Structures are given as structure tokens and as C-alpha cells.
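Please read it with the structure open.

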Amino acid sequence: MDKSLPSKELCRDQRKGYLDPEYYMTQQLTEKSDVYSFGVLLLELATARKPLEEGQYVVRQVKDAIDKQKNLWNLDELLDPTIATVNALRGLESFIDLAMKCVEDASRDRPSMSEVVKEIENITQVAEVNSTAESGSTSPRFARNSGGFPGTGEALEYRSGPFSPRTESK
């Protein structure tokens with residue numbers, strides 16, 4: 001047996017927290033299982049917590065705490081402190097809402113991955129429009145070629161939007 005390969009038990013342990021609830025009943029992964037896992041990843045980004053940490057499941061924590069009538073949807077204690085301190089973070093509620101749609105218990109209630117991608121694009125566009133409108137800037141986006149990644153022929157485009165670093169081929 002090759003000792004460099006992880007054991008099945010290790011792989012199974014690493015997936016804990018990412019597998020959708022239906023998998024435990026059917027033992028089958030589907031495209032909607034991927035959507036669930038991606039939703040967990042989105043919650044990891046928003047909370048800076050692992051899916052399972054100190055016996056707590058991040059999906060359950062957010063579901064239990066969420067209250068859309070309150071500031072930061074009552075998630076200020078769960079959000080990554082660097083996010084929670086930003087007063088006017090554009091698109092945060094939409095980002096959390098998308099994550100919660102992705103982690104619905106029933107796969108039929110989850111969006112498709114293509115719908116998730118479209119929603120992320122919408123969130124980014126709305127956040128950029130709001131950011132530009134509030135700054136009053138009418139100048140074109142600041143972009144510069146920093147040389148990019150050595151040997152790849154890619155340049156970096158620096159933007160002031162919420163999801164900024166982006167690579168583009170020359």
C-alpha cells in the first residue's frame with residue numbers, strides 16, 4: 001500500500017461538513033451535492049470557520065442565528081471579524097442568502113451550479129455599481145500591468161470592486 005496516499009478514513013473525515021444531507025440516505029453524490037458543498041464553502045468564507053469546529057456545524061449555526069430584520073442579519077457574532085467591522089459591505093446579504101439557498105436540506109430546493117455562478121456575477125455587478133455610485137467617480141477603472149505571473153503571459157488587472165484581483169491573458 002502506498003503510504004503517500006491518504007487513507008479512506010482520512011478522506012472521509014475531510015469531507016465531513018461538506019456532504020449534503022441526502023448523501024447520508026442515498027450514498028450517492030449528485031450535481032446538487034456539489035452545490036451544497038459550495039454553499040458550505042461560502043459560509044466558511046463569510047464566517048472564517050471550518051464546517052465542523054468544536055462540535056458546531058457552521059450551517060446549523062447560521063440557520064439558527066439568521067434574522068433578516070436585524071443589522072447584519074443578526075450574524076455579527078458569526079461573521080469573520082474583518083467582514084463584520086465593515087459598515088457598508090456591498091452584497092453581503094445577497095452572498096449569505098445565496099449560501100443559504102445552496103445548503104438547503106432538499107436538493108430540489110437548491111439552485112443549479114450555473115444559477116449560483118449567475119448570482120455571484122449579479123452580486124459582484126451590484127456591489128461594483130453601488131460602490132462607484134457612492135464614490136461619485138466617473139473616471140474609468142484603475143488598471144495597470146504589474147507584469148503578472150512570471151512565465152504565464154498573464155497580466156493582473158487591479159480594480160476597486162469588492163472581488164478585486166482578476167487575471168486576464170494578454
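1. Overall make-up. This is a predicted model. The chain holds 7 helices and 4 strands. Read from the N terminus, the order is α-α-α-β-β-α-α-α-α-β-β. Of its 170 residues, 29% count as buried. Among contacts with a separation of 6 or more, 46% join residues 24 or more positions apart.

2. Length of α3. Helix α3 covers residues 31–47, which is 17 residues. At 1.5 Å a residue it should span 24 Å, and its end C-alpha atoms lie 25 Å apart, so the two values agree.

3. Ends of α3. T30 caps the N-terminal end. One of its side-chain oxygens sits 3.2 Å from the backbone nitrogen of K32. Just past the helix, A48 has a positive phi of about 60 degrees.

4. Burial along α3. The buried residues are S33, V35, Y36, G39, V40, L42, L43, E44, A46 and T47.

5. Packing against α6. Which way does α3 pass α6, left-handed or right-handed? The crossing is left-handed. The axes of α3 and α6 (residues 92–102) come within 7 Å and cross at roughly 145 degrees. From α3, the contact uses V35, Y36, G39, L42, L43, L45 and A46. From α6, it uses F95, I96, L98, A99, M100 and C102. By type, these contact residues are 12 nonpolar, 1 polar and no charged.

Notes. Residues are numbered from 1 along each chain as its sequence is written. This is a predicted model: local features need pLDDT of at least 70, side-chain atom pairs count only at pLDDT 80 or more; totals for chains, interfaces and linings use all residues. Side-chain values use heavy atoms; hydrogens and water are left out. Helices (H or I, at least four residues) and strands (E, at least two) are DSSP runs, numbered from the N terminus. The expected span of a helix is 1.5 Å times one less than its number of residues. Buried means under 20% relative accessible area, exposed over 50%, partly exposed in between (1.4 Å probe, protein chains only). A polar contact is a pair of N or O atoms within 3.5 Å; within protein, one must be able to donate a hydrogen and the other to accept it, and residues adjacent in sequence count only if both atoms are side-chain atoms. Axes are lines fitted to C-alpha atoms, for helices over the stretch in contact, and angles run from 0 to 180 degrees between N-to-C directions. A crossing is left-handed if the near helix is turned anticlockwise from the far one by less than a right angle, and right-handed if clockwise. Contact means heavy atoms within 4.5 Å. Ala, Val, Leu, Ile, Met, Phe, Trp, Tyr, Cys and Pro count as nonpolar, Asp, Glu, Lys and Arg as charged, and the others, Gly among them, as polar.
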